[in-house]
Amino acid sequence: MKQTLQLRISQHLALTPQLQQSIRLLQLSTLELHQELEQILSDNPLLERVDDPLDHSVRLLADGAITPVNGANGSSSEAPGADASAASPPDGGEGGFEGGDAGEGAATGDSDWSFDDVARTSKAPEDDDARPQLEAHETTLREHLLEQMRVTVREQRDRALVELIIDALNDNGYLEEPLEDIHARLPEELGIELEELAIALKLVQSFEPAGVGARNASECLSIQIRRFPKIPLVTRRRALEIVENHLALFAQRDFNKLKKALDCDEEDLREAQQVIRSCNPHPGALFASDTSDYVVPDVIVKKSKNGWQVVLNHDVMPRLRVNALYANILKQSKGEGSLTSQLQEAKWLIKNMRQRFDTILRVAQAIVDRQRNFFSHGAVAMRPLVLREIADTLGLHESTISRVTTQKYMLTPHGMFELKYFFGSHVATEAGGEASSTAIRALIKQLIGAEDPKNPFSDSKIADMLGEQGMVVARRTVAKYREALKIPPVNLRKSL
């Protein structure tokens, strides 16, 4: 075949760098967005934050003087040679350098956006409020045990053995490694006997918190029960018998077998159960240093005269602008220089940030409009909702709605929820309608919460009760929803 040249006209979608950045910013969570923003700010000198985290702090000037930094004065106004004209945008057409707040309801355009409307936080001038607060040191389990060792053990050799046992404890306070393995790791020239390690372990088990140094759950509970004050001797013996010999039956709540094994009645078993339940199976967890991770909402739902309205959370909205000093220099040089592309990138970023929050607000308001019953009556009133329904309403693609609702959170009168929470499958009803799976889970939780602990409902019974309310739900579906709610099965919910 002969090679020829042909001209064809076709259309295709090209992902420009600006569009790629817009998609990327949309799918980022709030934490990831701020991390991405810090990287961009360090790479682009023409972009700066109005809400500088170092505002109201004290900085050391070049001459050694200490001057407080005012958040209202940006870096452009503090730069040498900057005048009043440099603090404003270089030309009137680019006055929208800063991102902004959409206010209440869904934003309709860029004209609704202005970061000047965002309230600036200011610190009180009092010394107590301005003084930085330092986090107190938290005592670890090891430090707590070593403090007790210093006042109870005198001999240096004994202290070394006790410290060896303490170092072998896990975060829950258990000694998982057998004493034989610890003894095998010690040098033979030290002449340490296995009995010495056993004595050191007994000493550690006498420390606070009670139960530390135990080798299993049975021993941990046994140590605590022996140290409990003001417990009748018969009840203490029965509780010890359960945790040392019948702990598996107790965990399975097989009370009939327990009563036969202990030769006691239901009242005696109930008293022993109360003693066991007052124990802490993880004594070392009290000294855990794990800090809680708090979720900051992206949008907030409020009740107004016109119904439920969505507003953006100003605390998570970064306030950006183009550095006026560098922008004026580029204007005077008529766009010549290496900073021209960075100026365009700064404008793109500010526009994409504005579009990101605008899209989140529109999607959140559309969700609230369709789930008004949830905000008025709770999870039992949740209606089925799919991504396509919101996409068709807003004229967006399903993938865009999926990006918006992932790792974005809404603060409601009923608590904090991810936007994905408001979407769910449906369950058919006898009347021919549909019920949301979220509403079914809420009903299951209500039914189990109101059940008799001595005679809890089985999954089949719950399915029948839902059927009486007109909801066709299979037993295995009830079991799946119950497990999703982290509710134990019927045999583990039974109590005396």
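**Figure 1. Lys486 in the loop between α21 and α22.** In this predicted model, Lys486 occupies the loop that links α21 (475-484) with α22 (490-493). The phi angle of Lys486 is near 60°, a positive value in a residue other than glycine. Most residues other than glycine have a negative phi. Lys486 is exposed, and its relative accessible area is 77%.

Figure 2. Arg253 belongs to the loop between α11 and α12. Although Arg253 is not a glycine, its phi is positive, at about 60°. Pro209 is located in the loop between α8 (194-205) and α9. As a general rule, most peptide bonds are trans.

**Figure 3. Helix α13 and the elements that cover its buried residues.** Helix α13 spans residues 266-277 and thus comprises 12 residues. From its first C-alpha to its last, α13 reaches 16 Å, close to the 16 Å expected at 1.5 Å a residue. Its buried residues are Leu269, Arg270, Ala272, Gln273, Val275 and Ile276. The elements covering these buried residues of α13 include α9 (217-227) and α10 (233-245), together with α11 (247-251) and α12 (255-262).

**Figure 4. Contact between helices α1 and α18.** Two packed helices are described by the angle between their axes and the distance between the axes. For α1 (residues 17-27) and α18 (residues 398-405), the axes come within 7 Å and cross at roughly 45°. The two helices, α1 and α18, are therefore oblique to each other. On the α1 side, the contact is made by Ile23, Leu26 and Gln27; α18 contributes Thr400, Arg403 and Val404. By residue class, the contact of α1 with α18 consists of 3 nonpolar, 2 polar and 1 charged.

**Figure 5. The open sheet β5-β4-β7-β8.** This open sheet is formed by 4 strands in the order β5-β4-β7-β8, and its pairing is mixed. From one strand to the next, the twist averages 30°. Helix α15 (residues 340-370) lies across β4 (299-304), β5 and β7. The helix runs at about 160° to β5.

**Figure 6. The β4-β5 hairpin.** Strands β4 and β5 are joined by a hairpin through 2 residues. The two strands run antiparallel and are joined by 6 bridges. In one of the bridges, Lys303 is partnered by Trp308 of β5. In a regular strand the side chains alternate between the two faces of the sheet.

**Figure 7. Pairing of strand β7 with β4 and with β8.** Strand β7 pairs with β4 in the parallel sense, over 2 bridges. Ile300 has Leu411 of β7 as its bridge partner. Between β7 (residues 409-412) and β8 the direction is antiparallel, and 4 bridges join these strands. Thr412 stands opposite Gly415 of β8.

Technical notes
Residues are numbered from 1 along each chain as its sequence is written. This is a predicted model: local features need pLDDT of at least 70, side-chain atom pairs count only at pLDDT 80 or more; totals for chains, interfaces and linings use all residues. Side-chain values use heavy atoms; hydrogens and water are left out. Axes are lines fitted to C-alpha atoms, for helices over the stretch in contact, and angles run from 0 to 180 degrees between N-to-C directions. Angles under 35 degrees count as roughly parallel, over 145 as roughly antiparallel, 65 to 115 as roughly perpendicular and the rest as oblique. Contact means heavy atoms within 4.5 Å. Ala, Val, Leu, Ile, Met, Phe, Trp, Tyr, Cys and Pro count as nonpolar, Asp, Glu, Lys and Arg as charged, and the others, Gly among them, as polar. The expected span of a helix is 1.5 Å times one less than its number of residues. Buried means under 20% relative accessible area, exposed over 50%, partly exposed in between (1.4 Å probe, protein chains only). Two strands pair if DSSP finds at least two bridges between them.
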